[in-house]
Amino acid sequence: MPHSQTSAHRDSLKGVSIARGASPWLLPTVATAALSLARARKSKRAAAIAVPATALAAGMLWFFRDPEREIARGRVISPADGVVQSIMPWKDGRTRVAIFMSPLNVHVNRAPLAGTVTSVEHVPGGFVPAFNKESENNERVVWHFDTELGDIEMVQIAGAVARRIVPYVPQGTKVEQGDRIGLIRFGSRVDIYLPEGVEVAVEVGQPTTAGVTRIDRD
């Protein structure tokens with residue numbers, strides 16, 4: 001159930017879990033850290049490995065955190081944690097809001113509106129940094145939602161480090177606003193296209209929180 005913007009900004013400390021799709025990266029690092037710690041007393045080599053391995057495992061746990069959120073009110077809410085990189089009018093009358101996600105952000109993306117997923121399309125491409133103009137040709141997953149505002153397009157874009165996008169829900173799924181819909185491993189970018197006539201409420205450089213920050217204005 002929606003709550004106020006203030007309370008929604010606080011991630012529940014008791015509700016932090018690990019993102020689905022993190023295991024290929026997380027399990028090997030945690031296993032290496034655990035094994036090296038177990039052997040550290042008997043092996044200098046294991047002891048030398050234990051410190052960086054444990055630090056890497058702790059970093060992975062942080063990177064792949066998936067906190068619970070109190071979903072805010074609003075017609076369109078941010079699908080990603082990050083910073084608004086650009087706001088660009090499109091030829092068809094829509095407005096594209098691009099959100100840059102750094103490796104320190106939560107990487108789980110959420111549905112910007114309630115509706116039905118009408119399309120989930122993987123588009124092959126490159127892996128240049130997501131803040132680079134050439135990232136327009138990066139690998140991506142293009143989403144379309146049938147919503148009360150009509151068709152809403154959202155694009156998950158891979159970056160130089162994020163080389164795997166993991167959709168959580170298939171075409172035909174009905175989602176509620178703020179539902180988890182996918183994961184981008186490490187930093188990248190998420191674009192959302194607002195329909196013609198919908199005014200943007202955010203500014204370039206503004207931080208966003210998935211499920212919390214409102215993108216449109218009444």
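The protein chain has three helices and 15 strands. Helices (H or I, at least four residues) and strands (E, at least two) are DSSP runs, numbered from the N terminus. This is a predicted model: local features need pLDDT of at least 70, side-chain atom pairs count only at pLDDT 80 or more, and totals for chains, interfaces and linings use all residues. Residues are numbered from 1 along each chain as its sequence is written, and side-chain values use heavy atoms, with hydrogens and water left out.

**Overall build**

- The protein chain has 218 residues, and 46% of them count as buried. Buried means under 20% relative accessible area, exposed means over 50%, and partly exposed lies in between (1.4 Å probe, protein chains only).
- Take the contacts in the protein chain between residues at least 6 apart in sequence: 71% of them join residues at least 24 apart. A contact means heavy atoms within 4.5 Å.
- The protein chain has an accessible surface of about 11100 Å². Carbon and sulfur atoms account for 57% of that surface. Accessible areas come from the Shrake-Rupley method with a 1.4 Å probe; for residues, only the protein chains shown count as cover.

- Eight strands form an open sheet in the order 10-6-7-8-12-4-3-14, with antiparallel pairing. Two strands pair if DSSP finds at least two bridges between them.
- The edges are strand 10 (174-175) and strand 14 (207-208), and each pairs on one side only.
- Strand 7 (residues 140-147) is mostly covered, with seven of its eight residues buried.
- Strand 6 (residues 115-123) runs antiparallel to strand 7, and seven bridges join them.
- Two residue pairs can be picked out here: Glu121 has Val142 of strand 7 as its bridge partner, and Ser119 has His144 of strand 7.
- Strand 7 also pairs with strand 8 (residues 150-157), again in the antiparallel sense, over eight bridges. Val142 stands opposite Val155 in strand 8.
- A hairpin of two residues joins strand 7 to strand 8.

**Arg94 in its loop**

- Arg94 sits in the loop between strand 3 (82-89) and strand 4 (95-101).
- Arg94 counts as buried because its relative accessibility is 17%.
- The side chain of Arg94 makes a polar contact with the side chain of Glu153, at 2.9 Å. A polar contact is a pair of N or O atoms within 3.5 Å; within protein, one must be able to donate a hydrogen and the other to accept it, and residues adjacent in sequence count only if both atoms are side-chain atoms.
- Leaving out residues up to four places away in sequence, Arg94 touches Met88, Pro89, Glu153, Tyr193, Leu194, Pro195 and Glu196.

**Salt bridges**

- Side chains of opposite charge can pair when their charged atoms come close.
- The structure holds eleven salt bridges. A salt bridge is a side-chain nitrogen of Lys or Arg within 4 Å of a carboxyl oxygen of Asp or Glu.
- Asp66 forms a salt bridge with Arg180, with the closest N and O atoms 2.7 Å apart. Asp66 lies in strand 2 (residues 65-66) and Arg180 in strand 11 (residues 180-184), so the pair ties together parts that are 114 residues apart in sequence.
- Glu199 and Arg217 meet through their side chains in a salt bridge (3.4 Å, N to O). The pair links distant parts of the chain, 18 residues apart: Glu199 is in strand 13 (residues 199-200) and Arg217 in strand 15 (residues 216-217).
- Glu199 is partly exposed at 46% relative accessible area, and Arg217 is partly exposed at 39%.
- Arg214 forms a salt bridge with Asp218, with the closest N and O atoms 2.5 Å apart. Asp218 is exposed, with a relative accessible area of 74%.
- A network of salt bridges links Arg75, Arg214, Asp216 and Asp218.

**Nonpolar surface patch**

- Ile18, Val30 and Leu61 form a nonpolar patch on the surface, with about 220 Å² of accessible area together. Patches are made of residues with over 30% relative accessible area and no salt bridge; like charges are joined within 9 Å, and nonpolar side chains (Val, Leu, Ile, Met, Phe, Trp, Tyr) within 5 Å.
- Leu61 belongs to helix 3 (residues 44-63). Leu61 is partly exposed, at 41% relative accessible area.
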